[in-house]
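Dear colleague,

I am passing on the structure we talked about, and I would be grateful if you could look through it alongside the notes that follow.

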Amino acid sequence: MTFRRKLLAVFSLTVFLSVAGVALLVLTVTRNAFEKTENERTAALVAQFQREFNRRGEDVARRVESIAASDAVTRMATALSGTPADSAEYFDLARTLAESYQLDFLELLDGHGIIISSAQSPAKFGYPDNAFDSLAGLTEQSAFLKLEDLQDSTALGLFAVRAVRSGDHPVYVIGGRRLDKNFLASLDLPPDMRALLYQNRGEHFSPEWLLDAGSGTSRPAEKLSGLVDAVRRYDQEMTGIVNWSGDQADQEVFHAIPLRGVGKDRPLLAILLIGNSRRQYVELKRRIRDAALLAGGGGIVLAILLSSWAAARVTRPVEQLAYAAQDVAAGNWNSSVEVSGHDEVAQLAESFNRMTTELLAQKERLVQAERVAAWRELARRLAHELKNPLFPLQLTVENLIRARTQSPELFDEIFQESSRTLLAEISNLKGIIGRFSEFSKMPQPQIQRVEVNEVVSRVVQLFQAQLKAPGRSAIACKVELDPSVEPIGADSELLHRAISNLVLNAMDAMPNGGTLTLGTRRDDRKVTITVSDTGTGLTREECARIFTPYYTSKQHGTGLGLAIVQSVVSDHGGRISVQSEPGRGTTFVIELPNNMEALRAALSNAERNATETPDIRRNVAAQSASVDRR
Amino acid sequence: MKHIAWQWLAISSVLIAALAASAETRPQYGGTLHVSMLDAPLSLDPADRATPDSFGRRSLTELIFETLVSVDKSGRATPVLADSWQTRGGRRWQFRIRHNVWFHDGSPLTAESVAASLRFANPAWNVTADRDSVIVESDLAEQNLLADLALSRNAIAKRDSDKLSGTGPFHIVDWQPGKELALGAEENCWRGRPFLDGIEIEMGRGFHDQMTALQLGKADLIEVAPEQTRRVSQQGQVLVSSAPMELLALVFGQDGSSPDEKSLREALGWSVERGSMRDVLLQGTGQATGSILPGWMSGYGFVFPTTADLARARSLRDQTHVSANWKLGYDGSDPMNRLLAERISLNARDAGLSLQPTSGGNADLRLMRIPLASTDPWSALQIALAEIGLPPMESKGHSIEDLYAAETAVLATGRVIPLFHLPVSYASVSNLKNWSLRPDGSWNLGDAWLESARP
Amino acid sequence: MSAVSGSYNLGIPNAISNSVSGVPGTARPACSGMPVLVLVLVSIWILATPAAAVDWSVPEQQLARKIVAVTGSGPMALQFENRSSIGRRDSEIIENGLHSTLETMGVRFSEAEHASSSVTITLSENLTSYVWVAQITKPGAETAVAMVSIPRPAWTGSALDSVPLSLRKTLLWSQVSPILDVAVLEENATPTRIAVLDPEKISVYRSQNGRWLEEQSAGIVHANSWPRDLRGRLVAARDHLEAYLPGIVCHSGGSLNLSCNETDDPWPLLAAGLSGNAPVFASVGSSGVASSGIAPEQAFFSSARNFFNGTLTPAIRNVSPGKFYSAAAIAHDKSVLWLFAGVDGQVHFFDGGPERIVHLSWGSDVTSVRTSCGAGWQVLADRAGDDVSDSLRAYEFPDRDPVAVSAPVDFPGPISALWTEARGDTTVAVAKNTETGSYEAYRVAVACNQ
């Protein structure tokens, strides 16, 4: 994980935790506040409803009073107090009055409780009103509830009674409004509130007695049965929450108020159910939660963006330093970092730049010194190499001269023999010069698909005869190839030469015989080739210098073999190392990358060229296919 | 004395001159009369049996068409399109057709056209034309034939494809079945051109709407519900009522199948308090009745009791082993029917009978209003029986006792419980003059005139 | 009355004609007969005699027989009730008659508690008949009902009546069909010979022994239908009658040979006596009054309507009344005051000056009489009003405006004709009796001393 990510993660976590904490706190606090407000609102609404209900009662009482005081009723009372009293012409009066005073029920009764006129049951004139005994005493009271018998049903109403006295016999005016859907619908209620009326009939709860002002509500009334039954059982006001569906917003808080009639036992006539939908509350709660989540989420995203920006700002110099250090580590001592500001990171960058500059200068100096040393070594080696053949040449030429002068008869013989020697030495010189020339002409590797095991096997096969050649101590050869080694991109010729050099080197290190071991190993995206001997071994110094060109520990080496090996390995992007212990033997380890990118690049180059040369294209296609298979 | 008289005369003459009443005793021509009515007949053809009989329909018919004879207030037949008649043996009647009478389409009234019209209206009759006379041979008893011919359904009409032509004082100008009828004065009416130029009749209007229309001056002549007549006359409006000739009765759909059922029906008859219903619901209008024919028509109506006898009703009910659970149907278009039905139901409940009022179609018994068709008791009874759905009565003779026996037999079937006979009442604007009701309860507007109209 | 059972009307050749007897009070023909011969005979008998003298014995016997058939001869409690229009006197006669008839049949009467049967007899009626109903209750049995019916007389006419007021009306004639005008041809204290104009004929009646008999009758031939509110005028000239009807004028020869012509000839507007011309029938005698200076004016009557179209002949200077129903003229300070009851409901006055239109509560009938009372000239006018009753009143014109000079005299229905008689001092007024539906013609005279 990069420093920037760590920093970002720390920032984000911090912001997330803070935001979540605040949101939770806000939610809890608001929920509690809303709960409280909602309860207060519900209580206020119920109170408002009861006021409204009472107001309707007062309204009914007022209307009945107005009717009792109206001219029509007064005239009727006066007319009926005389004899003979003919009430027939007043038969329709109640209906007319009920219409003009907007009452649903209106009955005019004489002093004996006989119906003179009835708006709700016009045909009942002349019949006694059954409830007259309990009503006659209520002429001063406000409105009350009463069940009214209709033609084939009964209806609940809010009634008031007033008496009109003219002469000895009073006339009673009983008027009321029907407690029905229309009454409930006419109540001035807040939007989320509704009033239902359960008419208390029958033993058990039945939805048919439930009046609901709302139209089209298909909610199962049975859900109210619990509350209704509880009110009937305990005969007191109660509150309950009804879940109409699984949705919390469909919850409704019901206040059930028992409504009693008049009379001795004040029967429970109906239960008023004031429903207050929690939808608004729940939806508000949901909105706040959603808002909190949105704000939190947004905050977190914003915080991450800001953190990433800040982290980037903080870490960019450090990263630059890191990249620069990597460059330096990779050998690019030229890299430097941009310095901005004056903080610690800026100082660090400055120091780094100074350090690389120093290092570069030192390296320059070192290279210069090494170059001088190499030239000296080269000069010494050249001198040494050239001196060896030159000496016999000098001797031979001197021998010839001497022979001419001292023994001319033998001159021919000596001349021929000296010529052969001269030619041999010159050939030797040419060989020395050829080797130097070859080293200077080390070619760039032609990357191809190469089976490393195959290359190793070919080398072993090549040297099999020499290892067991007569005249020298036998060397045993062990091959330990890893079959899982996959083909890599490499120049098989150069690779072959490098391994051959190592084998030659090993043979040279085992003049008295020993064991040569070659092995391959798959190692992640690399292939490791080992060449070990059980020869004389190298000292630590030798190990340190062994790949330097023209350095040799042998009597007759040019010192170029291992330098070539290192050059080949290096050109393949690989690495060579040596492990040795004097007397025990030496192991060279070559690590080669699989060079797939280089291989693909080489293949695509080849493909481009192949458009001109179909044969090459076919070849490249085959190679490409085999690369893809890997 | 003489001096005082002169002074009085002088003062009264000044008073008379100051009065701004404008009226003449001589009829004035012109003006269009606007009439509202409850009925909404779909056909004007007098003989159309699909359209139920009603006072309104009779009125319309008699504006456009005329019958051979009519029946006056005393129940006597008087000539109309027949100017004389005679019978031999009672079943063959010869009517001489009045000359110089034209149908509205301009064709003369002939014996053939009369015969064709009567044949159309009464397929059972044998009607033939003989020169200027029409000979009718029917199974009807002789008295009934004249009364029957006076029925508006036997009015003489000329039926040319869809066009109807009559000989009455008004011809059809525009006819929208069940909605509106516009009539124009017939210049060539044999009785003389009517005074009114035209009559526009609006149909299907409720009583309340009609009264409003009258008060707003949009109608000149309206029908008044029986229960409203007292109030209307108290308000000083011109009110004209016929003799009570609309029967209000409870009619069972089927004969009482068992003695128990008959007893229950009898109990229902005894439970109904006609008196209070008449006094209160009908506001004193009409007559309580126990008979199909009103007393003024039969002369014996008082024999049938009309007072309720709850004790008797209960004892009759207690004798039965079944319980009465009837549905009482009524026509909901008139609110009074509902009130009456509810009251009857209350009364029945007092006698232990269950009667459920319903304005729906399915009922065991119905509260029916039957307009008696004629002032002739035989004819009226016969047609009322047909309305109730009872078979025609068969009577040996035509004495008053035979009539009584026939009616008693009908009542004994238990199919019908007569309740009231109601008059049909109309109110008019005060400047509609000289209109009257015919004995059958229809308007006679042939001689009516509007005072404000100017010739 | 017809002897053909069951026929009502006339005109078919083989039906026996019913001669109309012109006695007021019995003129209306009877209704259709009953099949039972007895009842027909009873009805004929009833129609031919005044109601007060009806013999109820036949129906009494019938009912009594029916009652006894049910009750037998046991003790009977009898009750009476009269629900009919039969008067108290008659009902008592009937009650007594039934009582005695039952007694002659062996019935004994007793108190209700001792009676074996209880009978309630109710006198009732329907449109055509009296119906007597006996409800017979015997212990342990259903109430039995017995009844008889007796055809009712159609109506009982009112007697001649005189009203000793300033205006005196005397009934001249009454009949069911409309009367357009009546002319008194001969009189001897009371009229003895009259001519009656109705829509179809002119009939002359003579009074003999207190009964009016038709002397002559002549039909009025007219091709076109009459207007609905038909008006007509009958003028008695010296030796003939002239009948004016819308579009038709008829002249009678000496023996009432009527010749009618379709013509729009003008009608005489005023009585001959008002313009000083002597009336014609010698027996009526001369009024002997001097010429009034009022010209014998005529006016054209609309042939299809009920009013004069406003054209006078000869034309009077400065008098252009427009359409009018009736007119009256009085001599007034050497000038003539013309009054017209216009169809516009106003009274139009012309007295030489400009026309005056006065809105009076007069009806459409006005006429003038020349008498020896008051100012010598009076205008009689009917009252604007309802269809049920009407009245006539006399007015004078001491100044320009009318002043009522008599109390109104009531008529039983709307006045449909008002014409001054030839002599000029009396008028004939025709009213339709709204009670009976018949038309009644009265002579109205102005009496000087109340």
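Helices and strands here are DSSP runs, a helix being H or I over at least four residues and a strand being E over at least two. Counted in that way, chain A of this predicted model has 15 helices and 17 strands. Of the 630 residues of chain A, 29% count as buried, and among its contacts between residues at least 6 apart in sequence, 62% join residues at least 24 apart.

Where the two chains meet, 11 residues of chain A are in contact with 12 residues of chain B. On the chain A side, the residues that touch chain B comprise six nonpolar, two polar and three charged.

In chain B, helix α12 covers residues 377-388 and spans 16 Å from its first C-alpha to its last, close to the 16 Å expected at 1.5 Å a residue. Nine of its 12 residues are buried, so α12(B) is largely enclosed by the rest of the structure; among the buried ones are B:Trp378, B:Leu381 and B:Leu385. Just after this helix, B:Gly389 adopts a positive phi of about 100 degrees.

A residue is buried if 20 or more other C-beta atoms lie within 10 Å of its own, and B:Glu62 counts as buried because it has 26. Leaving aside neighbours within four places in sequence, B:Glu62 is in contact with B:Ser152, B:Ala155, B:Gly168, B:Arg438 and B:Ser442. B:Trp443 is 381 residues from B:Glu62 in sequence, yet the two are 8.1 Å apart in space, C-alpha to C-alpha.

With best wishes

Definitions and conventions:
Residues are numbered from 1 along each chain as its sequence is written. Chains are lettered from A and ligands numbered from 1 in the order in which they are written. This is a predicted model: local features need pLDDT of at least 70, side-chain atom pairs count only at pLDDT 80 or more; totals for chains, interfaces and linings use all residues. The expected span of a helix is 1.5 Å times one less than its number of residues. Two residues are in contact if their C-beta atoms, placed from the backbone, lie within 7 Å. Ala, Val, Leu, Ile, Met, Phe, Trp, Tyr, Cys and Pro count as nonpolar, Asp, Glu, Lys and Arg as charged, and the others, Gly among them, as polar.
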